[in-house]
Amino acid sequence: GKDLTMSGAADADFAGDCVKQRSTIGTFGKLGDYGLIWDSCSLVKSVQTSTGHSETTAAASWCKEQKSARTQLREFGVAEQARVGCLVDNAGVVKQAVNTTNHAQAKHYRVAQAYIRQMCDDEEVLMVKIDSEDNPADFFTKALDRGPFEKHRQTIMGPQSNPSKPVKPVARSFHVRAAFSSSKVSSSPYV
């Protein structure tokens, strides 16, 4: 049998729009190793006031997409998994997934934080902190050099081939499943 574990990642590029200072958010979800089931790259409609705000907006967007994908998979008869892991490179998003104390500086995006926290409490999602350079959702939010671009493309889309060039493995290839099974990941339901 094929591995049909759902996973994904979310990221934001804070105030990346040079004209209106809006942030770009990017998310994706996969089924198994290379079964991309959704991806999203969008400019947020309103100005975000901090990196935490942008990253929280991206994570909340990912949670909504995951919920929709879970419903579709259930309708297709795919067995449901307990928690779906989301890789994020912002420690604040992971902490806010369990911390019910909101700071005054985060008042304007508390609803998004509460939504993520509810999804974690309901054991639908698991926010996993990952190093920024290993976050495959960077693929959607930033202009990347060739090495990181190819690494993240392979994680999201699988191995690529160009008929005019021999295929060679990408150095430091990163797999989403490896992040969830690495020894760095806590056994806690909230990482």
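Trainee: Which residues does His152 touch, not counting residues up to four places away in sequence?
Mentor: His152 touches Glu133, Asp134, Asn135, Pro136, Asp138, Phe139 and Leu144. Touching here is contact, meaning heavy atoms within 4.5 Å. This is a predicted model, where local features need pLDDT of at least 70 and side-chain atom pairs count only at pLDDT 80 or more, while totals for chains, interfaces and linings use all residues. Residues are numbered from 1 along each chain as its sequence is written, and side-chain values use heavy atoms, leaving out hydrogens and water.
Trainee: Where is His152 found?
Mentor: In helix H5, residues 146-157. Helices (H or I, at least four residues) and strands (E, at least two) are DSSP runs, numbered from the N terminus.
Trainee: Is His152 buried or exposed?
Mentor: His152 is buried, since its relative accessible area is 2%. Buried means under 20% relative accessible area, exposed over 50%, and partly exposed in between (1.4 Å probe, protein chains only).
Trainee: New topic. How many aromatic pairs are there in the whole structure?
Mentor: A search finds 4. Rings of Phe, Tyr and Trp (its six-membered ring) pair if their centres lie within 6.5 Å; planes under 30 degrees apart are stacked, over 60 edge-to-face, the rest tilted. Trp38 and Trp62 form a tilted pair, 6.0 Å centre to centre with 50 degrees between the planes.
Trainee: Which parts of the chain does that pair link?
Mentor: Distant ones: Trp38 is in strand E3 (residues 35-43) and Trp62 in helix H1 (residues 51-75), 24 residues apart.
Trainee: And which residues form one aromatic cluster?
Mentor: Phe28, Phe139, Phe140 and Phe149.
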